[in-house]
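Me: I have a structure here and some labels attached to it. Please go through the labels with me and say what each one rests on.

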Amino acid sequence: MPLTARVLTPIHLPEKVQVEIKDTVRATTQTVTIDFHEAMQELAALGAVNLHEVEPAELISMACAVAKHRAIDQYLMSIGVDPHAEVKPLQES
């Protein structure tokens, strides 16, 4: 007999999250504020995650990873580094 379980209690996610960036090369620490809802929408846009079917804890973890990535990109751009300069489009076969 297979069993499934799902959390029914609503979990209220923050509107924004603060991400601390420690730059050991420049010996600086900076806090970047990221829109958490935009991070979740970016996650959903990847197509691999349905925001309504994923467990809340998993969703929060994945959205935090996206928020960290966005914060690092934002920090790098603020110091004049294009974080995607070496990224090339995927070649379709």
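**Labels and their grounds**

Me: Why is Gln 91 called exposed?
Reply: Gln 91 has a relative accessible area of 67%. Exposed means over 50%, so Gln 91 counts as exposed. This is a predicted model, and the value is computed from it. Gln 91 is placed in the segment after α2. Its C-alpha atom is separated by 37 Å from that of Thr 29, 62 residues apart along the chain.

Me: What makes Pro 83 partly exposed?
Reply: Its relative accessible area is 22%. Buried requires under 20% and exposed over 50%, with partly exposed in between, so Pro 83 falls in the middle class. Pro 83 also belongs to the segment after α2.

Me: Which residues is Pro 83 in contact with, leaving aside neighbours within four places in sequence?
Reply: They are Asp 73, Leu 76 and Met 77. Contact here means heavy atoms within 4.5 Å. As for Leu 46, it is 37 residues from Pro 83 in sequence and 19 Å from it in space, C-alpha to C-alpha.

Me: Why does Asp 23 count as buried?
Reply: Asp 23 has 9% relative accessibility. Asp 23 lies in strand β1.

Me: What makes the pairing of Asp 23 with the side chain of Tyr 75 a polar contact?
Reply: The distance is 2.5 Å, and a polar contact needs N or O atoms within 3.5 Å, one able to donate a hydrogen and the other to accept it. The side chains of Asp 23 and Arg 26 are joined in a polar contact too, at 2.9 Å. Not counting residues up to four places away in sequence, Asp 23 touches Thr 28, Tyr 75 and Ile 79.

Me: How do you know that the side chains alternate along β1?
Reply: Val 17, Val 19, Ile 21 and Asp 23 point to one face and are buried.

Me: What makes β1 and β2 a pair?
Reply: Two strands pair if there are at least two bridges between them. β1 and β2 are joined by 8 bridges, so they pair. They run antiparallel. The bridge partner of Ile 21 in β2 is Gln 30. The hairpin has 4 residues between the strands, and Ala 27 there takes a positive phi near 55 degrees.

Me: Which residues of helix α1 are buried, and why are they said to be on the same side?
Reply: The buried residues of α1 are Phe 36, Ala 39, Met 40 and Leu 43. They cover an arc of only 100 degrees around the axis, which puts them on the same side of α1. They pack against β1, β2 and α2.

Me: What is found at the start of α1, and what follows the helix?
Reply: A side-chain oxygen of Asp 35 reaches to within 2.9 Å of the backbone nitrogen of His 37. After α1 comes Gly 47, with a positive phi near 90 degrees.

Me: How much space lies in the largest pocket, and which residues are closest to its centre?
Reply: The largest pocket holds about 410 Å³. Of the 16 residues that line it, Leu 51, His 52, Val 54, Glu 55 and Pro 56 are the closest to its centre. α1 and α2 each supply at least two residues of the lining.

Conventions. Residues numbered from 1 in each chain as written. Predicted model: local features only at pLDDT ≥ 70, side-chain atom pairs only at ≥ 80, totals over all residues. Heavy atoms only, no water. Buried < 20%, exposed > 50% of the residue type's maximum accessible area, 1.4 Å probe, protein only. Arc of directions from axis to C-beta. 1 Å grid on protein atoms, 1.4 Å probe; cavity = no way out; pocket = protein on both sides within 12 Å on 5 of 7 lines; lining within 4 Å. Points joined across faces, edges and corners; volume = space filled by probe spheres on them.
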